[in-house]
Amino acid sequence: MRLFVEEVGAILILLWRSLIWLFRPPFRGLEFVRQMDFVGSQSVVLIVLTGSFTGMVMALQGYNGLHRYGAETMVGATVALAMARELGPVIAALMVVGRVGSAMTAELGSMRNTQQIDALASMAVDPIQYLVVPRVFAATVVLPPLAGIFSFSGMVGCYLLSVHYLGIDGGTFMAAVRYYVDADDIGHGLVKAVVFGLILSVIACYKGFYATGGARGVGIATTKAVVASSVMVLISDYFMTALMF
Amino acid sequence: MIRLEDVHKQYGHQKVLDGVSFEIRTGSVSTIMGRSGAGKSVLIRHLIGLETPDSGKILIDNSNIVGMGARELNKIRRRFGVLFQEGALFDSVSVKENVAFPLREHLKLSEKRIADVVHEKLALVGMTGHEDKYPAALSGGMRKRVGLARALALDPELVFFDEPTSGLDPITKGVIYRLIEETHSVRSITYVLVSHDIEGVLDVSDEVMLLFEGKIAMKGTPEEIRSSADPAVRQFLTGSAEGPMAIE
């Protein structure tokens, strides 16, 4: 328990130091852009693929349930609400944990173990400012658009399956989506995505930044980062949902 | 000038530095010797400000870096160059970008000027023609030479070398020692080496210290070290298994 509290404290300290460095020069625009490309642009294909299949699965499952009450025309609205409020931010975050969080931990852990982080410090460059701030900032900024892309892809998949396979009228589908989904639902999802981006990137950076024990240590740190980030995304999701319910 | 006053450092129950005190003259080549695990790398990490001692003072030109704020410490670090054990090159960028890194960080130079300085420093360490290679494509000796070029990029007043020849073949070791002598002769920089390669360091150093049981057991010129009757120094010089330096 003591170790857990210490670790949470250390993660919060890293977050605090990152926030301080975010507003202090030198501002590393190129590093931000590189990280946003890595976290964002390079994740788009994965997000579109997983989003569209999730949407199609949701359409099938939703139809299965709603058909029993004769409410199959509500498939679009049901899936849209689930996508905007829940599945978009959560699954996009879990995908980013797997693709980006693990890479962040492994890269920083490798830099720690080969003294590259020490080299930065010895050259009077703050390693947190140079390595952690761009990653945390990029993940926090980029996750909401990724969640949006996930939800949109999911809805496209859901629409195509509902209209062309399940025989739901396209106009009815869209009318129900427009009627039941409002800006608040989308806003809630985007707020969640911001928080998830922050959580997963800080945990991934923390685990990598302080990884010791050579290749094995980096491997363990990467596993722990993925597990801890995924669990924290789901736990924080519950609390945010409860708050915004 | 570097001065350490009664520096202590303990990890758990293990005392690594147990009252280390010494002084290093400006412009000298000084070496801290000791067995593997004697605490040499820990000591150099303290000198660079990467570790904080439990007690004691580390003075660089009369400024105590222990407890110093990050901003002040970084001002002092800008006068340093450090060659790490494995070179510690940034593996995501090329050789020339590694050498250019401190220049881009700390000086407002044109790209042309940066390219000139990078070329000059790589030529100094005999690495011309390897500018566009990545660290993964270099041998251990080449990585250390690029590391040295990077350490010298800002024309530092003080360069720290952490085991500059460990893991290298005898010829590459010779090349590194020759580079240490040549680069030191160009400008009167203070060089601080930590090493267990006794033969090599005695040839290039002005002063040598032996770190043993967390303390400086002996300090002197290479001649004084060679003629010392101190049992620990004798054992280290002869490489004998018998003596005060117990095999663990």
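Modeller: A helix is a DSSP run of H or I with at least four residues, and helices are numbered from the N terminus. In this predicted model, Thr212(A) belongs to the loop that joins α8 (183-209) to α9 (214-244) of chain A.

Biologist: Which residues touch the most other members of the largest nonpolar core?

Modeller: That core has 134 residues, and those with the most neighbours in it are Ala92(A), Ala93(A), Val96(A), Leu143(A) and Leu200(A). Helix α4 (residues 75-113) of chain A gives the largest share, 17 residues. Leaving aside residues up to four places away in sequence, the residues that Ala92(A) touches include Ile47(A), Leu143(A) and Phe150(A). In soluble globular proteins, nonpolar side chains tend to be buried together.

Biologist: What is the peptide bond from Pro25(A) to Pro26(A) called, cis or trans, and how do you know?

Modeller: That bond is cis, with omega near 0°, and Pro26(A) sits in the loop between α1 (2-22) and α2 (29-39) of chain A. Most peptide bonds are trans.

Biologist: In chain B, why is Glu163(B) called buried?

Modeller: The cut-off for a buried residue is 20 or more other C-beta atoms within 10 Å. Glu163(B) has 21 of them within 10 Å, so it is buried. This residue is found in the loop between β7 and α6 (170-186) of chain B, and its phi is positive, about 45°, although it is not a glycine.

Biologist: And what makes Asp61(B) exposed?

Modeller: Asp61(B) has 12 other C-beta atoms within 10 Å, and since 12 or fewer counts as exposed, it is therefore exposed. Its phi is positive too, about 50°, and it is not a glycine. Asp61(B) lies in the loop between β4 (55-60) and β5 of chain B.

Biologist: Why are β6 and β10 (215-220) of chain B said to stand at the edges?

Modeller: The open sheet of six strands runs in the order β6-β7-β8-β3-β9-β10 (chain B), with mixed pairing. β6 and β10 each have a single partner strand, so one side of each is left without a neighbour in the sheet. On average, neighbouring strands of this sheet are turned by 15° against each other, direction ignored.

Biologist: In what sense do β6(B) and β7(B) pair, and how do you know that they do?

Modeller: Two strands pair if DSSP finds at least two bridges between them. β6(B) and β7(B) share four bridges and pair in the parallel sense, with Phe161(B) in β7(B) as the bridge partner of Leu83(B). Strand β9 (residues 207-212) of chain B and β10(B) have five bridges in the antiparallel sense; in β10(B), Lys219(B) is the bridge partner of Met209(B). Within β6(B), Phe80(B) and Val82(B) point one way while Gly81(B) and Leu83(B) point the other, and all are buried.

Biologist: What is the order of the four strands that form an open sheet in chain B?

Modeller: The order is β2-β1-β4-β5 (chain B), and the pairing is antiparallel. Here β2 (14-24) and β5 (63-64) of chain B are the edge strands, each pairing on one side only. Strand β1 (residues 2-11) of chain B and β2(B) pair over eight bridges, and Tyr11(B) stands opposite Gln14(B) in β2(B).

Biologist: How many residues does each chain give to the contact?

Modeller: Chain B gives 17 residues and chain A gives 11 residues. On the side of chain B that touches chain A, α3(B) provides the largest share, four residues. The residues of that side divide into 10 nonpolar, three polar and four charged. The predictor gives the complex an ipTM of 0.91 and a pTM of 0.90.

How values were computed. Residues are numbered from 1 along each chain as its sequence is written. Chains are lettered from A and ligands numbered from 1 in the order in which they are written. This is a predicted model: local features need pLDDT of at least 70, side-chain atom pairs count only at pLDDT 80 or more; totals for chains, interfaces and linings use all residues. Two residues are in contact if their C-beta atoms, placed from the backbone, lie within 7 Å. Helices (H or I, at least four residues) and strands (E, at least two) are DSSP runs, numbered from the N terminus. Ala, Val, Leu, Ile, Met, Phe, Trp, Tyr, Cys and Pro count as nonpolar, Asp, Glu, Lys and Arg as charged, and the others, Gly among them, as polar. A nonpolar core is a set of buried Ala, Val, Leu, Ile, Met, Phe, Trp, Tyr and Cys residues joined through C-beta atoms within 7 Å. Axes are lines fitted to C-alpha atoms, for helices over the stretch in contact, and angles run from 0 to 180 degrees between N-to-C directions.
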